[in-house]
Structure formats: C-alpha cells, structure tokens
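Please open the model in a viewer and keep the selection tool at hand.

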Amino acid sequence: MSVFADDFTVETTSPKQSVDVTDEIRAVVRRAGLEAGLCQATVLHSTAAIVVNETDDPTIGTDILNALDRAVPDHAGWLHDRIDDNAHSHIKAALLGPSESLPVRDGELVLGTWQRVVLMEFDGPRRRRVHVQLLG
C-alpha cells in the first residue's frame, strides 16, 4: 500500500464563491503516479467546504450558495457572531463538509460526466489550502 500527499492553494475573490479545483486534484494524482486507489481532497479551513457537483453550468454554484443563504442566513442572531461575525460561514461549511473521497482508476479520478470537485467559499476572499491524500 502506498500513500502520497500534497497541498495546493486557492485564492478566492468573493465573500461567497464556488471554485472548480478538479484540475489541481488531477495534477496531484498524476504527479503521484497512482494507478488505482482512493483520493481524498480536504479544505483545511472551517469556513469553506469541498463538494462534488457540476460546473459546466456555472450558475449551479451560485444556486447552491443562494440555497444555503436561504437556509442559513447571515447575521441571524448566531452566538458566534459576537466573537467573529461569521457564524453563517461555519454552519454552511459544517453542513457540506470539508472533504470528498474519490476513486482513482487507470491513473484518473473516477467522476461522472458532469461531476467536478468544487471548493465552496463562505468567508472570503481568502487564500485556502487544499490537502490531497492518495492511498493506493
């Protein structure tokens, strides 16, 4: 069994944003030379998330952000806002989760036709670090 890990950074430009990071993760898989195994991508922050969804239509990322805004409004009397004024960001990140695990087959991520790996920013703009762990 082999293990490989690498990190990359993503510079977000908006307070709330979806950023396709599939190509960066694929590059880590290729550098590692992993033919078959598992790839886990984790954002190393508590106010961002990693999800698998479509990016071919970029409005889907906006729709997800808008749906989360309706479900978890900004500044809705959250207790954490007394400390850091970003409780909504923590809650949204907790709902979606910090990571996704994907299979690797024949040296490539196994994703459906429209699937991509997306970093969801809830407290930007910021520099976000993504950790990729490979197990083969």
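A salt bridge is a side-chain nitrogen of Lys or Arg within 4 Å of a carboxyl oxygen of Asp or Glu. This is a predicted model, in which local features need pLDDT of at least 70 and side-chain atom pairs count only at pLDDT 80 or more, while totals for chains, interfaces and linings use all residues. Residues are numbered from 1 along each chain as its sequence is written, and side-chain values use heavy atoms, with hydrogens and water left out.

Select Asp 23 and Arg 116. These two residues form a salt bridge in which the closest N and O atoms are 3.4 Å apart. Asp 23 belongs to helix H1 and Arg 116 to strand S7, so the pair ties together parts that are 93 residues apart in sequence. Helices (H or I, at least four residues) and strands (E, at least two) are DSSP runs, numbered from the N terminus. Asp 23 counts as partly exposed, at 48% relative accessibility; buried means under 20% relative accessible area, exposed over 50%, and partly exposed in between (1.4 Å probe, protein chains only).

**Second stop: the three-stranded sheet**

Select S2, S7 and S4. They form an open sheet of three strands in the order S2-S7-S4, with antiparallel pairing. Strand S2 (17-20) and strand S4 (48-53) stand at the edges, each with a single partner strand, so one side of each has no neighbour in the sheet. On average, neighbouring strands of this sheet are turned by 30° against each other, direction ignored.

Two strands pair if DSSP finds at least two bridges between them. Four bridges connect S2 with strand S7 (residues 116-121) in the antiparallel sense; Val 19 stands opposite Leu 119 in S7. How many of the six residues of S7 are buried? Five of them are, and the strand is mostly covered.

Helix H1 (residues 22-32) lies across S2 and S7 and runs at about 125° to S7. Helix H3 (residues 87-96) lies across S4 and S7, at about 40° to S4. Axes are lines fitted to C-alpha atoms, for helices over the stretch in contact, and angles run from 0 to 180 degrees between N-to-C directions.

Which residues have the most contacts inside the largest nonpolar core? They are Val 21 and Ile 25, in a core of 22 residues. Strand S1 (3-11), H1, strand S3 (36-43), S4, strand S5 (99-105), S7 and strand S8 (127-135) each supply at least two residues of this core. A nonpolar core is a set of buried Ala, Val, Leu, Ile, Met, Phe, Trp, Tyr and Cys residues joined through side-chain atoms within 4.5 Å.

Next, centre the view on Val 21. Leaving aside residues up to four places away in sequence, Val 21 touches Phe 8, Val 10, Ile 50, Val 117, Val 118 and Leu 119; contact means heavy atoms within 4.5 Å.

Thr 12 is in the loop between S1 and S2. Is this residue buried or exposed? At 4% relative accessibility, Thr 12 is buried. Its side chain makes a polar contact of 2.9 Å with the side chain of Glu 121, and it also reaches the backbone nitrogen of Arg 126 at 2.8 Å. A polar contact is a pair of N or O atoms within 3.5 Å; within protein, one must be able to donate a hydrogen and the other to accept it, and residues adjacent in sequence count only if both atoms are side-chain atoms.

A search of the whole structure finds 13 salt bridges. Select Asp 7 and Arg 129, whose closest N and O atoms are 2.9 Å apart in a salt bridge. Asp 7 lies in strand S1 and Arg 129 in strand S8, so this pair ties together parts 122 residues apart in sequence. Finally, select Arg 127 and Glu 11, whose side chains meet in a salt bridge (2.5 Å, N to O). Arg 127 is exposed at 55% relative accessibility, whereas Glu 11 is partly exposed at 45%.
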